[in-house]
Amino acid sequence: MSEGNGISAKSPVYERIEVLFDTGSFIEIDKYLERSNAVEHYPDVSAPGEGVVAGWGTVDGRSAYIAAQNYEVLRGSFSVAHAQKICKVIDMAAQNGLPVLFLWDSGGARVQEGAAAMGAYSAVMKKLTDVSGVIPTISVVLGGMYGCAALFAALTDFSIAAEDAGRIDLLSPMVRAAVHGQAVDEEKLCGVQAAAEKGDVQLTAPDAAAALELAKELLSYLPLNNLEEPPFALNEDSIARPILSDGKDIRALLREIADEQCFLELGAAFAPEMVTGLITLDGLTAGVVANVPGEYLSAHGCKKAARFVRQMDAYDIPIITMVDNEGIDPASESCCLLRSLAQLAYAYGEAGCPMVSILNRAIGEGYAALSNKQNGADLVYAYEDAQIGCLDATAGSIILYDGAKDRAQEYAERFLSALSAAKQGVVDDIIKRENLRGTLIRAIQMVSNKRGQKLRKKHGIMPM
């Protein structure tokens, strides 16, 4: 129970909507819709509203649509009519260029409808695919989300889950128990923490109230649709505020460069060596991709970053990339690493949104797969002590100087230095860490009106 406003794990859906939307702004549609497509010889099961509340309202003064499953009506069970209401809301949101939020809390499919119930799931999946990259879509998991319903979280742009009651997995505990013939640990297999570690949800919160507040915060960074700009975040933070962090704690650094030191990290529990999230810089929204210094690139980390880059690009949100990694692990035998690196390089190469990169340690694949001058970055900066090149100092000196390990320092100075990269046009300028915030703000302001023309095609073929 959240003491702040009395919302519990199974509180009435209208109370959740009242917390999310501005007071008195919510307008419901299809409140009395009631329809059943029961299979012969099975009892009809239906109720007014069909177990989902749909409509629109305002969140902090900005309009948005919502479809919220109502567990208290038919256990929020998924049916043809239930899906029709959700699809209608998605259509209305797309037509009016507004975000749509989904509050998921269901007991599963309405099995009396047989194959039609499965078709209903597919209908919603198709709609989510149609509006992907057109309007922001946000899933908030407040109860059960099993089977095909779990795919909704992956098909929406962002997903948030309440730790106290949220459950998400392709198999419910009941089905797992039936298959394995023994009881299963529901929290371990289907709980929010497990989903977060697998990358199935990007944000978690202790309870429903906190999850809804996270949804409101997330919306504050996003545009209403792919043709509009994100809202301008008024603040009094100084552009010239010096940065004191040495960058070893990348999350602390990102908080320090952000307006009022606010950084909304997405997917923190999944591939934590790759950091993704949202900040504002002098009021302008930007997405951030950053490496944890000293870590290798991983398959999961590359996939995580690639998806985030495509999210930002879809809504033309500028991307800041902080490149500081050890490249790939020479001992790694991951079968997915090559394709994952290719996915990341593809995502950056495909992106047309404004992109600014800061290079610290960018060697080999650790340079090539991330945002760089040759792969579409508009502005690239390097720290004074950055290392940028083909091989690290030890390997490079052995190859270039016929096995002379003692010339590693010479190799680093001649072939890895920021100055060497600047002379070759690989970086635009060399900066001091203390000036990072001001440098990024001026860079984002400069490239924010970027325009580009790409080759005509239906779509590219991303290496999956």
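Some conventions before the details. Because the model is predicted, local features need pLDDT of at least 70 and side-chain atom pairs count only at pLDDT 80 or more, while totals for chains, interfaces and linings use all residues. Residues are numbered from 1 along each chain as its sequence is written, and side-chain values use heavy atoms, with hydrogens and water left out. Helices (H or I, at least four residues) and strands (E, at least two) are DSSP runs, numbered from the N terminus.

I start with helix 2, residues 80-96, and helix 3, residues 115-131. Their axes lie 9 Å apart, at an angle of about 10°. Axes here are lines fitted to C-alpha atoms, for helices over the stretch in contact, and angles run from 0 to 180 degrees between N-to-C directions. Helix 2 and helix 3 are therefore roughly parallel, a label given to angles under 35 degrees. Helix 2 contributes Val80, Ala83, Ile86, Cys87, Ile90, Asp91 and Ala94 to the contact, and helix 3 contributes Ala116, Ala120, Ala123, Val124, Lys127, Leu128 and Val131. Contact means heavy atoms within 4.5 Å.

Next, the pair of helix 10 (residues 299-314) and helix 11 (residues 337-350). These pack at about 20°, with axes 8 Å apart, so they too are roughly parallel to each other. On the helix 10 side the contact residues include Ala305, Ala306 and Val309; on the helix 11 side they include Leu344, Ala347 and Tyr348. The residues of this contact divide into ten nonpolar, two polar and four charged. For that count, Ala, Val, Leu, Ile, Met, Phe, Trp, Tyr, Cys and Pro are nonpolar, Asp, Glu, Lys and Arg are charged, and the others, Gly among them, are polar.

Which residues does Val289 touch? Leaving out residues up to four places away in sequence, the list includes Ala305, Val309 and Tyr348, which also take part in the contact of helix 10 with helix 11. Val289 sits in strand 12, residues 284-291. Val289 counts as buried because its relative accessibility is 1%; buried means under 20% relative accessible area, with a 1.4 Å probe and protein chains only. Its C-alpha atom is 7.0 Å from that of Gly277, twelve residues apart along the chain.

Last, helix 13, residues 393-400. Ala393, Gly396 and Ser397 are buried there. The buried residues of helix 13 pack against helix 14, residues 408-416. After helix 13 comes Asp402, with a positive phi near 55°.

Terms used:
Angles under 35 degrees count as roughly parallel, over 145 as roughly antiparallel, 65 to 115 as roughly perpendicular and the rest as oblique. Buried means under 20% relative accessible area, exposed over 50%, partly exposed in between (1.4 Å probe, protein chains only).
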